[in-house]
Amino acid sequence: MDFALTDDQSAVLDAIDALARPYADVPAESHGFHLYSAALDAALEEGGFLDIAGVEELGPITAVLAVERVAALPFCTEFAASALLRPLLPPDLPGPLCLIDARDTARPVRFLPVAATALILDGDEVRAAPVDAGIVAPVDSLFAYPMGRFRDGHLPRGDGIGVAAEELRRFWRIALAAEMGGLLQGALDSTIRHVSEREQFGRPLGAFQGVRHRLAEASVRIEGIRLLARKAALTGLAEDAALVAFQAQDSAAAIIYDLHQFLGAMGVTLEHPLHFWTYRAKALLSELGGRGDQAADAMAAD
Amino acid sequence: MRFGWTDDQCRFRERLRDHLAANLPPDWEEMADGPGSDEQTDFSRAFCKGLAAVGLLTPHWPSEWGGQGLDPWCQQILAEEMWMAGEPRGPQYMNVNWIGPALMRFGTEEQRQRYLPPIAAGDAIWCQGFSEPGAGSDLAALRTRAERDGDVYRINGQKIWTSYAGHAENCFLLARTGADRKTGISILIVPMDTPGITVRPIPSLVGEGDIHEMFFDDVEVPVAARFGEEGQAWSIIAQALANERLGIPRYALARKSLDRAIAILRERRVFSGDFVRVRAAQATAACEAARLQVYACVDRRAKGMDLGPESSSARLATVMAERAAGEFIVEFLPEALGDSHPLLKAHHQRAIVAGIASGAAEIQMNIIANDVLGLPREPR
């Protein structure tokens, strides 16, 4: 056991931090529901960060650490999917990627309006379909991702790419958990800043035990998600991936509720960035069949 | 970053499992009900001597005091295997986890020579005289007094919720020697057969013989019984409690009990609905999250770093795990609280105090809020 980062991992995270610095704050003119940055996605690709999971000395664990960092920014990027899934895919498949669970065609798809390739998980099959702007309609939603659906309501068929469904599901789950860990940490940090400054009844909100204890509990749950995601990335086991995706989906709703409570009315405005984290987390709650499906796989082994 | 055990660590775990298999009686699980019972305590005395004889009682202690200097990971593996087996060391787990190490660090030479060898030989039972009727979570409000009178301290007061007091030979006692809330507290090592001590068991859900109240009426101990300097208690126990908080790998028995309950439900073919599996996954994830948070603390200890406030986060994660596993079993296998699954009942009895013993969960949350999250402090 060794919980310390290797020098290589520290170097990757330092580089990510440097690259992410311009994206740490929300631009003053922003009043939208999401804050997608194609430039940040492109910078991550140019920096070689989409390939780290496939580099032997770095591996999926480093991708998980990097995804957490990037997800803690108010800006959203497609990074999680590419960082964890690209080692499985044909190298010439163009990004950005979007992930589609063929069982649920009603839900809007994250990143569909900006994606070049849709990866479709259809039972035991994985197919890839090129995404053309002409077949996609953006969906206005509260979710803090660019969301879309196919104009005619039908999934394109796509082509098989020789990826095992079990493997795609496993790394999708790890990507989801890593992103959730970062999102919740970003939301928690933002909330801590607010309750440390905002005073009511003559003292900061963060000095009231009713607030402090719930934040303490949230921080412990988030740390659990982050550590379980690291473990799943290191073991690569299907049940570890299902368990952490479960834990991420199972813990998030209550944490999000609490954080919004502590922001009060400020948290329902678009001038405060909290929703950029919480409404990405909410979009992840139901992916891959939601926690019922993750539980079924996590608890499948005898 | 690497999660996994070395070959040496795996061999050490195997050795412990072999020893447990060879030395626990067939009816051990029935006996595990009641961690402070006469039957279990008697067994634990013989069991600990056996562990000591093969170098498995204090392998993580320095060789000077009978150990082999194994690292904190081996200490954790030892604790996991013992706790998962229903803790056959009985009260002596406490000696090897923190009383012994505290003696090594803060004891006088005379105290070390007197108390460490019996602990290392598996022949010593201690109790900790901390809580009082008016001082539980607010431990610094304790009122038991130790008044210096020439060469002796004279102790008067009452302690409560004391585990193992009915069997202990010595008490690690907190008593007030001065007026200041924290720097007015000192530690005394009090032999339990000293005249003036009365011990009464308190019937409880935890099991026979576990918790007690203790009365001290003009109990005299020599000044040499003081542990550390006068007024130094708070800084000593802050460290001891951090060790105690993580010393019991509760997540390990919680997970074992949960797995056993799930196996029974599978056999009965009632482990197939979404709801039961979601509840099982909640408890499983809570156990594994706690395990990793505790391991993160062991990693710090193994690297010679201070435990830090993260030990409170790990403790809170452990409380969540105990709660989730305990609630799952009560909900889906209620007969476990009867007499049909002794280990599950024993787990339940231990789990119900997880959020109360060695610093209530709410105290851990205060520490996390202050020192992990950096929130503004509550006014006092």
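By class, the lining of the second largest cavity has three nonpolar, five polar and one charged residues; here Ala, Val, Leu, Ile, Met, Phe, Trp, Tyr, Cys and Pro count as nonpolar, Asp, Glu, Lys and Arg as charged, and the others, Gly among them, as polar. The model is predicted, so local features need pLDDT of at least 70 and side-chain atom pairs count only at pLDDT 80 or more, while totals for chains, interfaces and linings use all residues. Residues are numbered from 1 along each chain as its sequence is written, chains are lettered from A and ligands numbered from 1 in the order in which they are written, and side-chain values use heavy atoms, with hydrogens and water left out.

**First stop: the second largest cavity**

Select Pro72(B), Gln75(B), Gln76(B), Ala79(B), Asn97(B), Asn243(B), Leu246(B), Gly247(B) and Arg301(B), which line this cavity. A cavity is a set of points, on a 1 Å grid over the protein atoms alone, where a 1.4 Å probe fits but cannot get out, and lining residues have an atom within 4 Å of a point. The space inside is about 60 Å³, a volume being the space filled by probe spheres set on the points, which are joined across faces, edges and corners. Next, colour helix H4 (72-84) and helix H7 (233-247) of chain B, each of which supplies at least two residues of the lining. H4(B) gives the most, with four residues. Helices (H or I, at least four residues) and strands (E, at least two) are DSSP runs, numbered from the N terminus.

From H4 of chain B, move along to Glu87(B), in the loop between H4 and helix H5 (92-106) of that chain. Glu87(B) is not a glycine, yet has a positive phi of about 50 degrees. Most residues other than glycine have a negative phi, and most peptide bonds are trans.

**Second stop: the largest cavity**

The structure holds four cavities of 30 Å³ or more. In the largest cavity there is about 120 Å³ of space. Of its 14 lining residues, select Ala81(A), Leu99(A), Arg110(A), Trp172(A) and Glu287(A), the closest to its centre. Helix H4 (79-85), strand S1 (97-101) and H5 of chain A each supply at least two residues of this lining, and H5(A) has the largest share with four residues. The lining holds ten nonpolar, no polar and four charged residues.

Stay in chain A and select Pro96(A), placed in the loop between H4 and S1. The peptide bond that joins Gly95(A) to Pro96(A) is cis, with omega near -10 degrees.

Then show Arg173(A) and Asp297(A), which form a salt bridge whose closest N and O atoms are 3.0 Å apart. Arg173(A) lies in helix H5 of chain A and Asp297(A) in helix H9 (residues 290-298) of chain A, so the pair ties together parts that are 124 residues apart in sequence. A salt bridge is a side-chain nitrogen of Lys or Arg within 4 Å of a carboxyl oxygen of Asp or Glu; over all chains, a search of the whole structure finds 47 of them.

Display both chains. The contact takes 44 residues from chain A and 41 residues from chain B, where contact means heavy atoms within 4.5 Å. Between them the chains bury about 4,000 Å², 68% of it on carbon and sulfur atoms; buried area is the accessible area (1.4 Å probe) that two parts lose on being put together, summed over both. Select Met1(B), Phe3(B) and Leu373(B), which in chain B lose the most area to chain A, together 21% of what that side buries.

Three salt bridges are counted between chain B and chain A. Glu378(B) forms a salt bridge with Arg212(A), with the closest N and O atoms 3.5 Å apart.

Helix H8 (250-267), H9, H10 and helix H12 (361-372) of chain B each supply at least two residues of the side that touches chain A. H9(B) provides the largest share of that side, 15 residues.

**Last stop: the second largest pocket**

A pocket is an open set of grid points with protein on both sides within 12 Å along at least five of seven lines. The second largest pocket has a volume of about 1,100 Å³ and is lined by 47 residues; select Arg69(A), Gln185(A), Asp189(A), Glu223(A) and Arg226(A), which lie nearest its centre. H5(A) supplies the largest share of the lining, nine residues. By class, 22 residues of the lining are nonpolar, nine polar and 16 charged.
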